[in-house]
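Colleague: I'd like to learn how to read the local features of a model like this one. Could you walk me through them, one at a time?

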Amino acid sequence: MAPQPTTYFHSVELQRNKCQGCVSCVKLCPTEAIRVRNGKAEILGDRCIDCGACAAGCPYHAFNVKTDTLEGLADYAYNIVLPAPSLYAQFPDNIPLESIWQGLHNIGFDEIFDVSLASEYIALEIEEYVKKYSNGRKPLISSTCPAVMRLIQVKFPELIKQVVPVLPPAEAAAIYVKREAAARKQLPKELIGVWFISPCPSKETNIRQSVYEHHTELTGS
C-alpha cells in the first residue's frame, strides 16, 4: 500500500449551483469529509475517499463524478475494455451477453476481457496467502476496494499491515492483458489502452492516484 500522499486527486466534485445546503451528504459521508458553509456543501479533500455516498444520496444531484470520454480511445492503436461484473447487472435478463459485448465493440473497443476472469486467480492467491499467514493480527483486509484502502490511509493507518498484499482483480487484469496484447499485436505497451468500466468513483480516482505500491496499468475508465 502506497504512503499517504500530501495532496489528493478526487473524481467526486460538487456542482455548487445545484447544492441546496440540505446536509444530506454530511449525514452520508463515512469520513466526515463534507461541511455546509454559507448554505453550500464543501468537500474536505484530505478526508474524502471518493466512495460516492454523497453523489448517490444527494436529492438535488449536486455531485458529479469525473470519468474519461471515448475520445481518449483515439490516442491508442489498440484498446481493451475491462468490464466489471456489475456492468451486466445494469441490463434486463433478456439482453444476451453477446449484445453487450457487441455494443462495446461498436463504441470503439477492440477487445474485451472480463474482470471476473482475473478474480478467480486473485481468489486463489488470497487463499494461499491466508493459509501461510500466522502469528499476525487479524482480521485480514482485502485490497480490492480503493475506497477502503483510502479510508485506512485517512482514518485507520494502524490497519495497513493487515491488508492482504495481493493485487485487486482489475489491476491484475490490466497487467496481463497489456503484456499479452503487446506481444500478440507486436505493439509497444504505450500504444495499448486498457479501460476499466468502473462501478465506483474510487476506482476512477485510483487510476489517477493509486493507493497501491505499483503504478497502475489502467489507462482510464
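Colleague: Let's begin with strand pairing: how many bridges join strand E2 to strand E3, and which way do the two run?

Modeller: Happy to, and keep in mind that this is a predicted model. E2 covers residues 34-37 and E3 covers residues 40-43; four bridges join them, and the strands run antiparallel. Together E2 and E3 make a hairpin with two residues between them.

Colleague: What is the phi of Asn38 in the turn?

Modeller: Let me start with the general idea: most residues other than glycine have a negative phi. Asn38 has a positive phi of about 55°.

Colleague: Is Asp50 buried or exposed, and is His61 buried or exposed?

Modeller: Asp50 has 1% relative accessibility, so it counts as buried, the cut-off being under 20%. His61 reaches a relative accessible area of 56% and is therefore exposed, as the threshold there is over 50%.

Colleague: And for peptide bonds, which form does the one from Lys138 to Pro139 take?

Modeller: As background, most peptide bonds are trans. The bond from Lys138 to Pro139 is cis, with omega near 5°. Pro139 belongs to the loop between helix H5 (115-132) and helix H6 (146-155).

Colleague: Now for the surface: which residues form the nonpolar patch?

Modeller: Val23, Val26 and Val36 do, with about 170 Å² of accessible area together. Val23 comes from the loop between strand E1 (12-14) and helix H1 (24-28). At a relative accessible area of 32%, Val23 is partly exposed.

Colleague: How many aromatic pairs are there?

Modeller: The count comes to three. One of them joins Phe113 and Tyr176: the ring centres are 5.8 Å apart and the planes meet at 50°, so this pair is tilted. Phe113 is in the loop between strand E6 (111-112) and H5, while Tyr176 is in helix H7 (residues 169-185), so the contact ties together parts that are 63 residues apart in sequence. Phe113 is buried at 16% relative accessibility, whereas Tyr176 is partly exposed at 45%.

Colleague: What geometry do Tyr129 and Tyr133 show?

Modeller: Tyr129 and Tyr133 also form a tilted pair, with 5.8 Å from centre to centre and 40° between the planes. Tyr129 is partly exposed, with 27% relative accessibility, and Tyr133 is buried, with a relative accessible area of 16%.

Colleague: How accessible are Cys25 and Cys51?

Modeller: Cys25 counts as buried at 7% relative accessibility. Cys51 is partly exposed, with a relative accessible area of 28%.

Conventions: Residues numbered from 1 in each chain as written. Predicted model: local features only at pLDDT ≥ 70, side-chain atom pairs only at ≥ 80, totals over all residues. Heavy atoms only, no water. Patch = residues over 30% accessible without salt bridge, like charges linked within 9 Å, V, L, I, M, F, W, Y side chains within 5 Å. Areas by Shrake-Rupley, 256 points an atom, 1.4 Å probe, with all protein chains shown as cover. Salt bridge = Lys/Arg side-chain N within 4 Å of Asp/Glu carboxyl O. Buried < 20%, exposed > 50% of the residue type's maximum accessible area, 1.4 Å probe, protein only. Pairing = 2+ DSSP bridges. Phe/Tyr/Trp six-rings, centres within 6.5 Å; stacked < 30°, edge-to-face > 60°.
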